[in-house]
Amino acid sequence: MAEPLNKKQKRAHYRQAQKENGISQLPRKKFYRQRAHANVFSDHHLVYPKTPDHMDWSTYFPAYVPDAGPIITSQPTETSLPDTANLYPKKLTKEVEVVDIGCGFGGLLVALAPALPNTLLLGMEIRTSVAEYVQHRIAALRTQNPATDLYQNIGCLRANTMKFLPNFFRKGQLTKAFICFPDPHFKHRKHKARIVSTTLNSEYAYVLRPGGIVYTITDVEDLHHWMVQHLEAHPSFERISEEEQDADPCVEIMKTETEESKKVERNKGQKFIALFRRLEDPPW
Amino acid sequence: MSLPFQCLSRLGRGALFCAAKGCSIQTFDLAATSQPLFSWTHPFLQQTGNANQAKETHEGLDEGEQAGQQPPSKRRKLSFDDVESNVGTGDKQEMLDTPGAPADEKKGQKRCKAKWMTPKPELPFVVLLTATEDGSHVIAVTGQDKTLWVFEHDGKGLLREVSQRAMPKRPCSLALTTDGQTILSADKFGDVYALPLIPQPDTSPESAPAPVPASSQALRGANVFTVHSQRNRRALEDQKRQREANAKRDVPKEGPKFAHEVLLGHVSMLTCVLTTNDSQSRPYIVTADRDEHIRVSRGMPQSHVIETYCLGHASFVTALCNPRSTSDILISGGGDNELFVWDWLAGKLLGTVDLLVHAREVLPDTTKIAVVKLIAYEVENECFIVAICERIPALFVFQLQADNTVLHRETLKLRGNALDIASLDVEEEGLLVAVDVAGDDGEVLAYQRDGNSWAPRQHIQGTADAELEPILSREDLDKVLYTVESLRKTGLDEGDDEGPPEVPGQSSETKQNS
């Protein structure tokens, strides 16, 4: 061949080889890189369930699919609902309780999997090929650990959480939400695109149960202040004290195991951490 | 040929109503005469005296801008085919900054060699019109200048301008709290603002929400800790130098000077806002957006608490309706073929009813519909739901049964497309519909219950006012009047799906999630 392969062709070759050999090797990041920003306001080609009940989790957590039983129709057919609306996918034996919003290359998920062995963890990532990388990574880790249940409790899907979080999770379904090294959106006119904002925090409060925790970490001091200010200003959240924060094992993992935190480490950057507890809703 | 009436609202109990026509608002008394009792026109047209002149030369607007009476018109990037016909649509450029901008426009602009031009002044059409329950105040929004107007109504059709407030983004829907003292305005950016109906004159700027604390320029943004590649470091150096030069460019936009409060927000374009109460009279705010969501939040002062979502729509939601007699039921419609019936407080879908099939009886080639408005119309313990769809010349009347199912009762064909509907609280409750009759003056029809059916009883013809009415081509007019279908997702929007653009040396060292 006269010319060296361009990036697209190399990726195509890599995917082809993957298809033929199955995913037993850990995927290589260089074939999955994608621009670090995504426009959260645009439509994309997103796939998301109409309601949390319509979400089919079985491909993400195959080890938690109940053994038998037909498809359950969980709503009575009393009204003029079309029949298909009553057919929901099978529920898992466990529900997802922890999300990593903007999971990137999935370092946190992989590190948390053994630390929270009895909890289902889901990474959500808006960039297609990065989400695909994490999916391949999880598949490879599962193949490499066939004897154990290790890594059966983590999954990753492509989603725009700023728009569609309530399509995936019921009210109060989650116990922890991680927001690690989010896109800082430096410009003022882009602040609406930040993942933490007073109005969006209401959605986090909706999916988290009272007592649930939002974990934030960033290397951008300005963004840290922004997140603290907006979460503290929200009546559904209170900041968790430093002692309690240091005692939480998840904090250490978040600080050292996410891909971005390793990069910040390498570059001797700073890390700013803040945790917030979801409070009970006020009496109504 | 005069412009059609595009918005209707009843004025309290009785036969009075108001209608918006172009940039004017007129009041009518159905019991008396078919002539308007009163007419108000946007000052932009009054100033220039002759609207058409204003449209052709830009003088009117320029003067306005120079005098600081209006926000400056936006420079808009236009593709070639837009250049000829850009009056009135409104918001091409604005849409690009807006959650979920329709994709075809985006793509089109990318593909065509776009050029910049100062737009012809867009006319301040009345896009929203509503009145307080008792009819004492009328609230209107004009699109181009994003201004919210409040008028006092004397009970006899006379309107007196009380206030005008320029909103940060163009409002898409209005609602009033049950006490009628607070306006809720939902905008294209996804936020719902609460504004007092009558702004307090003593409102000092301090009462506006506190801005983000001023951080020093050095702290703001990226620093040496956050960028690492050589390229980005160099860029950072450049930025530092630039920053001093144009410190003014990226300052946070100042909020409005009048009292306002952000109640809640979606990361999507809002399409409808509604206030209602539960059985214990606790207030709720229901909001619908372009991304198929219907959100139920608590009312003030706990509007930060989301009670539930009503999920199930597969396309955008544009219309919500909450019958007064059965206020636990919510009916919604939008880009889907059906209307949806909800137990809104439980977030539970009770049923759907096909609307497309009835639209096809009117226009057989119809493949998709966009519901413009839904109203509940209650007569003698019977509750009817009336729907209108964009570019379909008919009213669709459904009945809400005691078991909360919805049945189609009748389709009333019209001479032209229905633009708005309203109900009147008169003896035999009347139904008003604004009709856009192609090639003729617009009209407002009043229907009345006639036995088991409805019959048109009265009809009000719009009259052209050459002095105060702009002349628009049909094409331009359509762009102003028919905006709902454009909310549909086209699937053409690639977003950032394609991965990094093939730019050599593309830096991947910028921020990313991990």
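In which strand of chain B is the place of S9(B)? S9(B) belongs to strand β1 of chain B, which spans residues 5-10; strands (E, at least two residues) and helices (H or I, at least four residues) are DSSP runs numbered from the N terminus. The model described here is predicted: local features need pLDDT of at least 70, side-chain atom pairs count only at pLDDT 80 or more, and totals for chains, interfaces and linings use all residues. Residues are numbered from 1 along each chain as its sequence is written, chains are lettered from A and ligands numbered from 1 in the order in which they are written, and side-chain values use heavy atoms, with hydrogens and water left out.

The predictor assigns the complex an ipTM of 0.88 and a pTM of 0.82. For chain B the mean pLDDT (the predictor's confidence in each residue, from 0 to 100) is 77, and 71% of the residues reach 70 or more. Residues 203-219 of chain B stay under 50 in pLDDT, and the model has 17 contacts for them beyond four places in sequence, a contact being heavy atoms within 4.5 Å. The pLDDT is also below 50 over residues 495-514 of chain B, a stretch with 65 contacts in the model beyond near neighbours in sequence.

Chain B contains nine helices and 30 strands. Of its 514 residues, 57% are buried, where buried means under 20% relative accessible area, exposed over 50%, and partly exposed in between (1.4 Å probe, protein chains only). Among contacts in this chain between residues at least 6 apart in sequence, 51% join residues at least 24 apart.

S9(B) is buried, with a relative accessible area of 8%. Apart from neighbours within four places in sequence, S9(B) contacts F17(B), C18(B), L129(B), T130(B), A131(B) and A422(B). I329(B) lies 320 residues from S9(B) along the chain, and the C-alpha atoms of the two residues are separated by 23 Å. When residues up to four places away in sequence are not counted, T182(B) touches A175(B), L176(B), T177(B), A194(B), L195(B), P196(B), L197(B) and M300(B).

Strand β9 of chain B (residues 147-153) is mostly covered, with six of its seven residues buried. Strand β8 (residues 137-142) of chain B runs antiparallel to β9(B) and is joined to it by six bridges; two strands count as paired if DSSP finds at least two bridges between them. V138(B) has F151(B) in β9(B) as its bridge partner. The two strands form a hairpin with four residues between them, and K146(B) in the turn has a positive phi of about 55°. β9(B) also pairs in the antiparallel sense with strand β10 (residues 159-166) of chain B, over seven bridges, and here the bridge partner of H153(B) is L159(B). Five residues separate β9(B) and β10(B) in their hairpin, with G155(B) in the turn at a positive phi of about 90°.

An open sheet of four strands in chain B has the order β27-β28-β29-β30 and antiparallel pairing. Its edge strands, each pairing on one side only, are β27 (417-424) and β30 (453-461) of chain B. Neighbouring strands of this sheet are turned by 25° against each other on average, direction ignored; axes are lines fitted to C-alpha atoms, for helices over the stretch in contact, and angles run from 0 to 180 degrees between N-to-C directions. Seven bridges link β27(B) to strand β28 (residues 430-436) of chain B in the antiparallel sense, and S423(B) has L431(B) in β28(B) as its bridge partner.

Over residues 310-352 of chain B the chain is 0% helix and 51% strand, with the end C-alpha atoms 13 Å apart.

In chain A, strand β2 (residues 120-125) pairs with strand β3 in the parallel sense over five bridges, and L121(A) stands opposite I154(A) in β3(A). The chain crosses from β2(A) to β3(A) through helix α3 (residues 128-144) of chain A in a right-handed β-α-β crossover, that is, with the strands pointing away from the viewer, the path from the first strand over the helix to the second runs clockwise. Strand β3 of chain A (residues 154-158) has five of its five residues buried. I154(A), C156(A) and R158(A) lie on one side of β3(A) and G155(A) and L157(A) on the other, so that both faces are covered.
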